[in-house]
Structures are given as structure tokens and as C-alpha cells.
Amino acid sequence: MLKLEAPSADLRAAFLDMAADFASHGESRYVPASQDFEGFLRRIASDEQERMLPPGRVPGSQFWLVSDGRLLGCSRLRHWLTSELTYEGGHVGYDIRPSARGRGFGTTLLSLTKQRAAAMGIARLRVTCDVDNRASIRVIEKNAGILDAVVPSRTRDKMICQYWVETG
């Protein structure tokens, strides 16, 4: 059974296992978090509180996709957007552990995150991805994402796709 769970100390071992999966595939995104898991959980909790964020940052929630105690992926949902995030970054970021990719978990993760967004009163989500990220494009389009534009990234030498995804 797939479900979204809030990050917690109870899932420490599952998180560290997922972080090791990323690292073994040459992806270092969770190395700092695995080295200071308690600090990572504190940062996640503070990211939900607008008053605790530095200027220019928006509040957000993180969710972990769990199946039978195994952590398959993470999503990050920004509660609102700046003009910069509307252009690139959007409401939602997500990733699936390398050993679980290609099996529909990304599609499920975005779908469950859409439900959380709807419960928070967010009617539509901006989701962006690199134009060459075919897997992410499939995930977004399977969640009824409508391509709004293809534009140059403002931070990297890449083109990005900008989508809108209705939550209702």
C-alpha cells in the first residue's frame, strides 16, 4: 500500500536506506541529510513556518512516499509562489529513489501530492522540469499537466517546460 507520510524520526532507517540508494547511483542529493538526520528533520519543520524563513523563501511541506516501511520517494510542496518560482521551480518538486524508478511511483507521488495541495486550498500547481527529462514529463502529463510554455532556464544553460496541473 502506497501512502504519503510526514517526515519523522520513525522513518530514519528507511530514509538512510533511500539516501544510500541515491548515493550508490552517483546522486548526492541526500548525503548532507543522511549525515545530520535530526537537523534535516528540523529544517523540514521550519520550512513549513513562514515566519521562520529568510526573506524570499516560501513555506513548504515535504512528504515521503512509503510502501511497507520502505521509502520510495519524496515530494516538496511549496504553499505559494514568487514570480521566480512561477517561472522555474514551481509548487512541486519530487524524486524517486533510483532502484524504484520506471514503475509508476513518480506518477503516484505527484497524484498524492496534488491531493495534499487541494486539501490546503491550492487549486492548481505550477510544475516545471527540464525539457530533456522525459520521465518527469510523463509523470506530469499522466497527472493531467497542461504544458504552458517551454522557456530558457534563468539559472542553467537548459530549456525548461512549464506546466499547470489542476488539483481538483
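**Entry 1: a nonpolar patch**

I started with the meaning of a patch: its residues have over 30% relative accessible area and no salt bridge, with like charges joined within 9 Å and nonpolar side chains (Val, Leu, Ile, Met, Phe, Trp, Tyr) within 5 Å. The accessible areas come from the Shrake-Rupley method with a 1.4 Å probe, and for residues only the protein chains shown count as cover. A salt bridge is a side-chain nitrogen of Lys or Arg within 4 Å of a carboxyl oxygen of Asp or Glu.

I also noted that this is a predicted model, where local features need pLDDT of at least 70, side-chain atom pairs count only at pLDDT 80 or more, and totals for chains, interfaces and linings use all residues. Residues are numbered from 1 along each chain as its sequence is written, and side-chain values use heavy atoms, with hydrogens and water left out.

Then I looked up the patch: Val131, Leu147, Val150 and Met159 make a nonpolar surface patch of about 310 Å². I found Leu147 in strand E6 (residues 146–152); helices (H or I, at least four residues) and strands (E, at least two) are DSSP runs, numbered from the N terminus. Leu147 has a relative accessible area of 44%, so I wrote it down as partly exposed. For that label, buried means under 20% relative accessible area, exposed over 50%, and partly exposed in between (1.4 Å probe, protein chains only).

**Entry 2: the largest pocket**

How much space lies in the largest pocket? I noted about 1,300 Å³. Of its 47 lining residues, Arg29, Arg76, Gly93, Tyr94 and Asp95 are the closest to the centre.

My reminder on terms: on a 1 Å grid over the protein atoms alone, a cavity is a set of points where a 1.4 Å probe fits but cannot get out, while a pocket is an open set with protein on both sides within 12 Å along at least five of seven lines; lining residues have an atom within 4 Å of a point. Grid points are joined across faces, edges and corners, and a volume is the space filled by probe spheres set on the points.

Which element gives the largest share of the lining? It is H6, with 6 residues. I sorted the lining into 20 nonpolar, 13 polar and 14 charged residues. Here Ala, Val, Leu, Ile, Met, Phe, Trp, Tyr, Cys and Pro count as nonpolar, Asp, Glu, Lys and Arg as charged, and the others, Gly among them, as polar.

**Entry 3: salt bridges**

Side chains of opposite charge can pair when their charged atoms come close. I found 14 salt bridges in the whole structure.

One of them joins Arg12 to Glu38, with the closest N and O atoms 3.6 Å apart. Arg12 sits in helix H1 (residues 12–24) and Glu38 in helix H3, 26 residues apart.

Next I looked at Arg101 and Glu27, whose closest N and O atoms are 2.9 Å apart. This pair links the loop between E4 and H5 to the loop between H1 and H2, across 74 residues.

Arg76 and Asp95 also form a salt bridge, at 3.0 Å. Arg76 is in strand E3 and Asp95 in strand E4. Are these two buried or exposed? Arg76 is partly exposed at 30%, whereas Asp95 is buried at 5%. Shared partners join Glu27, Arg29, Arg76, Asp95 and Arg101 into one network of salt bridges.

**Entry 4: positive phi**

Asp68 is not a glycine, yet its phi is positive, about 50 degrees. I placed Asp68 in the loop between E2 and E3, and it counts as exposed at 74% relative accessibility. Ala144, in the loop between H6 and E6, has a positive phi near 65 degrees.
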